[in-house]
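Please look at the sequence and the model together, and keep both in view while reading the paragraphs that follow.

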Amino acid sequence: MSKVSVIVPIYNVEKYVEKCLKSIQGQSLNDFECLVINDGTKDNSVEVAKKAVEGDDRFIFFDKENGGLSDARNYGVARAKGEYICFVDSDDYIDEHLLEETYNAGVENNSDIVCFDMYYDFINTGKLEYSDGANFEGTSSYKDNKEIIFINNSANNKLYKREFLSDKKFFKGMWYEDMAMIPSWLAMANQVTHVSKPLYYYVQREGSITHKADDRLFDIYKAMNMIKESLHIDSYGIRGLYFDNCLVMTTLRIKDIDDKNTRFQYYKKNMELLNRDYPNWYEDVKKEDYSFKQRTIFLSLKLKMFKLVDYIYNK
């Protein structure tokens, strides 16, 4: 049994997958297996990937029909044999010490989950943007820190004990699959350890962000309801997730929709859904956590002054 299983789903990433796999191959921890899952890719990703790690038997390749990221992750978890598991998207890359430092932290603290910081790598500009992996230092748990469910909800900046994931699956067929599962998993973990180092590089590439309308944008509310049901709490109990995701991030995504009429319709629909699921959101939001500009946007959204929202964003 390897110390760590790294799961890498592949789908149309021939320009990026070599760098991803080379960063895994060069880890300071040698005792790992890497499950490379071909999720029905339509380009030459698999050929590039196999050439990149040719002769390294730690890399095991699987082929499956396209089922999406969540399906590929579940496929990998079912076949992983490592003591711990981590997920790396095939257009991202990792620091050479990621596996060693997180594995040691997990074993030392007997943690079900080890989270770590990350960089957003804007490859078109060369800019790196630091992102904290957690809102605490050391080791904690939901029992001792209810705010733990508000930490970065990415599945990728975490290491998981394999036995912890044995009865868990990523939810298929929706956007925000990480958001739908990760907060609940953080609450279920016996211990969560934070390694305060940026060990993952989350690549922001051209084509990653769409400027077209897509109703799946509102799957965020399905994710919120799944969290509330699994944790048996109300909207106020996950208010931070509502504010940061349904309010801030969803509004940011909507403001990038090219067609103005559609954009305003989406602003309206989002506020209808937020008011439906969290009627007291404006009274409960901690205004001191946000800038004057953001607070002005919140008020404009509440008053359905969507043209003003656009004006403030573009000012």
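Between which two helices does the loop with Y176 lie? Y176 sits in the loop between α5 (162-165) and α6 (177-188), where helices (H or I, at least four residues) and strands (E, at least two) are DSSP runs, numbered from the N terminus. This is a predicted model, in which local features need pLDDT of at least 70 and side-chain atom pairs count only at pLDDT 80 or more, while totals for chains, interfaces and linings use all residues. Residues are numbered from 1 along each chain as its sequence is written, and side-chain values use heavy atoms, with hydrogens and water left out.

The phi of Y176 is near 65°, a positive value in a residue other than glycine. Most residues other than glycine have a negative phi. Y176 counts as buried at 15% relative accessibility, since buried means under 20% relative accessible area, exposed over 50%, and partly exposed in between (1.4 Å probe, protein chains only). N12 also has a positive phi, near 55°, and N12 lies in the loop between β1 (4-10) and α1 (17-25). With a relative accessible area of 29%, N12 is partly exposed.

The helices can be taken next. Helix α4 (residues 98-109) has twelve residues and reaches 17 Å from its first C-alpha to its last, close to the 16 Å expected at 1.5 Å a residue; the expected span is 1.5 Å times one less than the number of residues. Its buried residues are L98, L99, T102, Y103, A105 and G106. Seen down the axis of α4, these buried residues fall within an arc of 160°, so they line one face of the helix, the arc being that of the directions from the helix axis to the C-beta atoms. An α-helix has 3.6 residues a turn, so residues three or four places apart point the same way. After α4 comes N110, whose phi is positive, near 50°.

L199 lies in strand β10 (residues 192-204) and is buried, with a relative accessible area of 3%. Not counting residues up to four places away in sequence, L199 touches I94, D95, L98, T102, F116 and D117, where contact means heavy atoms within 4.5 Å.

Following α11 is K304, with a positive phi near 60°. In α12, the residues F306, V309, D310, I312 and Y313 are buried. They cover an arc of only 165° around the axis, which puts them on the same side of α12. The face turned away from that buried side carries the exposed residues K307 and N314, while the cover of the buried residues of α12 includes α8, α9 and α11.

A search of the whole structure finds one cavity of 30 Å³ or more. On a 1 Å grid over the protein atoms alone, a cavity is a set of points where a 1.4 Å probe fits but cannot get out, and lining residues have an atom within 4 Å of a point. About 30 Å³ of space lies in the largest cavity, and its lining consists of N74, V77, F87, L165, K168, K169, F170 and W185.

Conventions: On a 1 Å grid over the protein atoms alone, a cavity is a set of points where a 1.4 Å probe fits but cannot get out, and a pocket is an open set with protein on both sides within 12 Å along at least five of seven lines; lining residues have an atom within 4 Å of a point. Grid points are joined across faces, edges and corners, and a volume is the space filled by probe spheres set on the points.
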